[in-house]
Amino acid sequence: MKIDPICGMEVDEKTALTAARAGKTHYFCSEHCRAKFLTQGLPLKNMALAPAGAEGGCCGGNGGATCCEPPSEQKAPRHEQDHKATPHSCCHTEAAVNQDEHHHQEHDHQHHHQKAHGVQKTSTAKYFCPMCPGVESDKPGDCPKCGMALERNPAYVEHGKTIYTCPMHPEIQQDKPGNCPICGMTLEPKTITANMDEESGESRDLSRRFWIGAVLSLPVLVLAMGHLIPGFQVDTWVAPRTNQWLQFLLSTPVVMWAGWPFWVRGWNSIRTRHLNMFTLILLGVGAAYLYSLVALFTPQAFPASFQVHGAVPVYFEAAALITVLVLLGQMLEARARSRTGSAIKALLNQAAKTAHRIVGEQEEEVLVGEVKKGDVLRVRPGEKVPVDGTLIDGQSSVDESMITGEPIAVSKAPGDAVTGSTINQTGAFLMRAEKVGAETVLSQIVQMVADAQRSRAPIQRLADKVSAWFVPAVVAVALLTFAGWAWFGPEPRLAHALVNAVAVLIIGCPCALGLATPMSIMVGVGRGAHAGVLIKNAEALETMEKVDTIVVDKTGTLTEGKPRLTRVVPATGTAESDVLEMAAALEQSSEHPLASAIVQGARDRGLHISSAEGFESVTGGGILGRVKGRQVMVGSLPFLERRNVSATNSLKDVARSLQDEGQTVMGVAVDNTITGLLAVADPIKPTTPRAIEELHRLGLKIIMLTGDSKGTAAAVGRKLGLDDIQAEVAPERKYQVVQELRQKGRIVAMAGDGINDAPALAAANVGIAMGTGTDVAIESAGITLLKGDLMGVVKAIHLSRNVMKNIRQNLFFAFIYNALGVPIATGLFYPVFGLLLSPIIASAAMSFSSVSVVANALRLRNAKI
C-alpha cells in the first residue's frame, strides 16, 4: 500500500493514479489529488497524513480501495487511467480539479469522514473540510491542510438579504445600503438583530470625518479670526496672501473629503427634485467655498472696494467650520439613532442559543435554529426555554418577565404552554417544540415592533407638509437676502450679501423637523415592547392619547377566562375536605367545564380523589354515582330537591349570597343528605380593580360588553364600579355598540381576547388585544398586551401621552431655531440693532436643533408608564 501525498490516505499501487517527480513515483487516490500535486507541487512533509489503517481518506476508502474505484469487473487498464485521467463522477469532478465547489452526495463517504475524523458540521460556515476538523470557509476552495476541495455545508443557513429603509420615509426600501432619495438620510437595516453594533457604521464614518475635519479646521479658524484675539496679530506672522493660501490648503480636505457625503446628498436632492436639508447645506457651503476660490485665484475680478489690506476677503473658515459642525450634529444623531432599537436588541440578546434535543434515548445539544416542530427538548433549571411549545413531562416555575414584564414566576405543569427565551427556574422538564423560527412569540414581537417603528403617525403629516414648502421658501429668502444686501447694503456689498445669504441657508435647514416624529415613535415603540405593550402602528399610538371611552369584554379581559372553585361551604358537622373529595371523585368522570374546576380545586388542596362507580349525568341538572360505596349527588339545589334532598335555611342563604355575586352554586349530597355547597366562578383578575381605578383617574369611561348572563355581569360590574354594563350581547351587537359610540363623537378603545371580539376590535378607534387571547383578535387590534390584563391598557395610555408630548416638544425644538435665526440671518435687525448672524453660528444652531430633538426623544427610554 502507498500513501497519497495530498490527502494522506492509503491507496493500492496497482490501481492508483501516478505521477513522477525527481525520479520518484507518487500514487494518488483520484485525479483531484494528482492534479493538485502536479499544479502546486506540495511536498509530502507538509501534508496532514492519515494514520495507517485509518478508516476513510479523501474519498472514505474502504479496505484499501477508494470509492472512486470502478468495480473490479469494470476496472480500466492501468495505462488508460494514466492517460485519460478521467474525473470520477462520485466526488472528484472536473469542477473539483478547477477548485470549484463540488459535492459528495452520491455515496456515503461523507459519513466515513465524519466518523473517522470527528468533523462536525455547524451552521456558521458555508464550506468545510470533511477530513480536517476546524477547517471552514465562507467561499469554495481547497483545504489548506489536506488539499481536498471544501464541501458545501448542508447545515449552513443562507440568510436572506438585509432590507434597508429610511427612518423618516419607511416607504423607501432597498436591498443595499445607501441614502434616502427624499431626505438624504442614511438608510438603516429594517430588521434589528442581536449582533448589530451599538454604534453603526455610519456613525463611525462620520466620527472619523468629524475629527479629521476638526483638526484641520482649527488652524483655519485661527488664521481667519486671529486678528480678533487681543495681542495676537496674525498679519505680523503671515502675509495676507499666504494666509489665504494656507486657509485654502487646510480647508479643502475638510470641505471636499470630510463633507463629501453632504455634497453627494445635496446633489441627489437637486437631481431628484426632492429638496431637503442637504440642499441648503450644499448651497450654503458651496457658495462660501466657491466664492473664496474665485477671490483667491482671480482677485482682479472684484472691484477695489472689495479689497481689505490689498486682498479680497475669503470665507474658507466658514465653509470648513460649517462642514465640521454639520458633521458633529450628524454624528451625534447617528449614534442616538443606533441606540433607538436597544429595547429590541435587549430582547434578542436574551434568546436561547442552544437546545437539548431528545433523540431516542440519547440527548444531543443543537443550535436553536436546528430545532424542528415536534422535537422533544429537555430544559434544565436555570436554562432558557429554546422555542415555544408545550410542557409534556415534569413541573417547574418559569420566569416570563422577558415577555410580560412581570417579575413573578409562573408555575408550569404538563399541558401548559411555555414560551421561548423565558427562564426555567426550579425543575427540569420535557417539552414539545410547536413554534420555531419566525413563528415564536419573541420573533413576532421583534417583527411587530420593527414594523411599528417604521410606521408613520398622522401628526407626521404636518412635518411632511411643512418640509414640502420649507426648503424652497428658505432658498427664496436667501436669494432675497442676497439681493437686498447687494443692492442696499454697505460696502463691500457683495461680500455682505454672500455671508448673510449663506447664514440664511444654514440656519434654515429643517433637519430637526424631519426627525421630530420618527425619533419619538421609534423610541416609544421600543419602550412599550419592553413593558409588554406591543404597538402595531404609530397611528394607534397617537390615537390612544385621545381615547375617552374603553369598551371591555368580561371573560378573559376582566376575568381570568376559566372557571375556578372559589369556595367550599360544608354543612354543620361535615369537614370541608370530605365535601370536596366526594364531589371531585364524581366530577372527574364529567366533561362539563365546571367539573374540571372542582377536580382542579381538589388537586390544588392536595386531596386524594377516589374513583366513582355507576356514574350518571342528568342534562341541565347534575350528576350522581357511587363513591366508596356511598351514593353521591352533585348539582343545583333544585336538582337535589327533586330527589328529595333539601338544604338547610342557612345553606340556602349562603347560596343566594354567592349567586348574587355571580357565582355558580352546586350542592353535594351523600346518602340523600346534603353535606355542603360548592361555588364556582370565573374570578376577576387580581390586577383588574387597580386598572379600573387608574383608568377612571385618567378620565376614561368604562363599558363592559359580555355574552354572559345578566346576573353574573351585574355582579362583576358592581364589584368593579364600571360605568355601563350590557350583558347577553352577541358579537354583532358588540360591533354595533362601538359604532354607535363613535357616531356620538366618542374616541373608543376596545379591549378583548376572543374571536367574538374581533369585529368590535376592528371597528374601534384603537383595538387592544390580550396577548393571552386568540390570533384573530390580535390581528384585528392595533395594540397587543402581552400580559393580558387591563394594567396594560393603563400603560398604553401613559405611553401614548408621553410619546405625543415628546413629539410636540421635538417640533418646538425643530421650529424655534429656524423661527429665531432666519430673521436675524437676513439682516432685518441690522439697521436698528446692528445684529447679524454669522454662518458659523448659524451652523452651530442648526446642528444643536438636531441634537436637541434626538436627546429629547431618547428620554422616552426611561419614561415611567
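Student: Which residues do ring pairs link into a cluster?

Tutor: The cluster consists of W245, F248, Y289, F297 and F316, linked by ring pairs. Rings of Phe, Tyr and Trp (its six-membered ring) pair if their centres lie within 6.5 Å; planes under 30 degrees apart count as stacked, over 60 as edge-to-face and the rest as tilted. A search of the whole structure gives nine aromatic pairs. This is a predicted model, in which local features need pLDDT of at least 70 and side-chain atom pairs count only at pLDDT 80 or more, while totals for chains, interfaces and linings use all residues. Residues are numbered from 1 along each chain as its sequence is written, and side-chain values use heavy atoms, with hydrogens and water left out.

Student: What makes the pair of F248 and F316 tilted?

Tutor: The centres are 5.9 Å apart, with 55° between the planes.

Student: Where in the chain do F248 and F316 sit?

Tutor: F248 belongs to helix α7 (residues 240–258) and F316 to helix α10 (residues 316–338). The two are 68 residues apart, and the pair links distant parts of the chain. Helices (H or I, at least four residues) and strands (E, at least two) are DSSP runs, numbered from the N terminus. The chain has 30 helices and 32 strands.

Student: Are F248 and F316 buried or exposed?

Tutor: Both F248 and F316 are buried. Buried means under 20% relative accessible area, exposed over 50%, partly exposed in between (1.4 Å probe, protein chains only). Of the 865 residues of the chain, 51% are in the buried class.

Student: Why is helix α15 said to be largely enclosed by the rest of the structure?

Tutor: The count decides: 12 of the 15 residues of α15 are buried, so the helix is largely enclosed. Among them are A495, L498, V502 and I506.

Student: Which residues touch the most other members of the largest nonpolar core?

Tutor: They are M544, L558, I768, I783, L790 and V793, in a core of 53 residues. A nonpolar core is a set of buried Ala, Val, Leu, Ile, Met, Phe, Trp, Tyr and Cys residues joined through side-chain atoms within 4.5 Å. Helix α28 (residues 791–826) gives the largest share of this core, 10 residues. Another core, of 51 residues, lies apart from it and includes F248, F278, Y291 and L498.

Student: What does V793 touch, not counting residues up to four places away in sequence?

Tutor: V793 touches M544, I550, L695, I768 and L785. Contact means heavy atoms within 4.5 Å.

Student: Why is K628 called exposed?

Tutor: Its relative accessibility is 57%, which is over 50%, so K628 counts as exposed. K628 lies in the loop between β24 (622–627) and β25 (630–635). By contrast, β24 is mostly covered, with five of its six residues buried.

Student: What is said of the phi of K628?

Tutor: It is positive, about 55°, although K628 is not a glycine. Most residues other than glycine have a negative phi. The hairpin of β24 and β25, where K628 takes this phi, has two residues between the strands.

Student: How do you know that β24 and β25 pair?

Tutor: Two strands pair if DSSP finds at least two bridges between them. Six bridges join β24 to β25, which run antiparallel, and V627 stands opposite R630 in β25. Strand β23 (residues 612–618) also pairs with β24 in the antiparallel sense, over five bridges; there A612 is opposite V627.

Student: Where does N672 lie, and why does N672 count as exposed?

Tutor: N672 is in the loop between β26 (664–670) and β27 (673–681). At 52% relative accessibility, which is over 50%, N672 counts as exposed. N672 has a positive phi of about 65° and is not a glycine.
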